[in-house]
Amino acid sequence: MNINNLKDLVLYQSEELFNVKNKMIIWINGSFGVGKTTIAEKLKEKIRNSILYDP
């Protein structure tokens, strides 16, 4: 599976999160350069009132 397919899969499976009204933390873990920040940025665009913390 390439990185573009993985990003699409993660975003597709997270559709239910976009309308969640409760507070939550989504923790994305993985090796360097696999696209964690890219996926986090895409999720932030879709989940209203979300915050991205990337130290």
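**Figure 1. Overall contacts and surface of the predicted model.** Of the contacts (heavy atoms within 4.5 Å) between residues at least 6 apart in sequence, 39% link residues at least 24 apart. The protein has two helices and zero strands; helices (H or I, at least four residues) and strands (E, at least two) are DSSP runs, numbered from the N terminus. Of its 55 residues, 16% are buried, where buried means under 20% relative accessible area, exposed over 50%, and partly exposed in between (1.4 Å probe, protein chains only). The accessible surface amounts to about 5100 Å², and 52% of this belongs to carbon and sulfur atoms; areas follow the Shrake-Rupley method with a 1.4 Å probe, and for residues only the protein chains shown count as cover. Residues are numbered from 1 along each chain as its sequence is written. Because the model is predicted, local features need pLDDT of at least 70 and side-chain atom pairs count only at pLDDT 80 or more, while totals for chains, interfaces and linings use all residues; side-chain values use heavy atoms, with hydrogens and water left out.

**Figure 2. The buried face of α2.** I39, A40 and L43 are the buried residues of α2. Viewed down the helix axis, the buried residues of α2 fall within an arc of 100° and so line one face of the helix; the arc is that of the directions from the helix axis to the C-beta atoms. An α-helix has 3.6 residues a turn, so residues three or four places apart point the same way.

**Figure 3. D54 in the segment after α2.** D54 is located in the segment that follows α2. With a relative accessible area of 52%, D54 is exposed. The side chains of D54 and T37 are joined by a polar contact of 3.4 Å (a pair of N or O atoms within 3.5 Å; within protein, one must be able to donate a hydrogen and the other to accept it, and residues adjacent in sequence count only if both atoms are side-chain atoms). D54 and A40, 14 residues apart in sequence, are separated by 9.1 Å from C-alpha to C-alpha.
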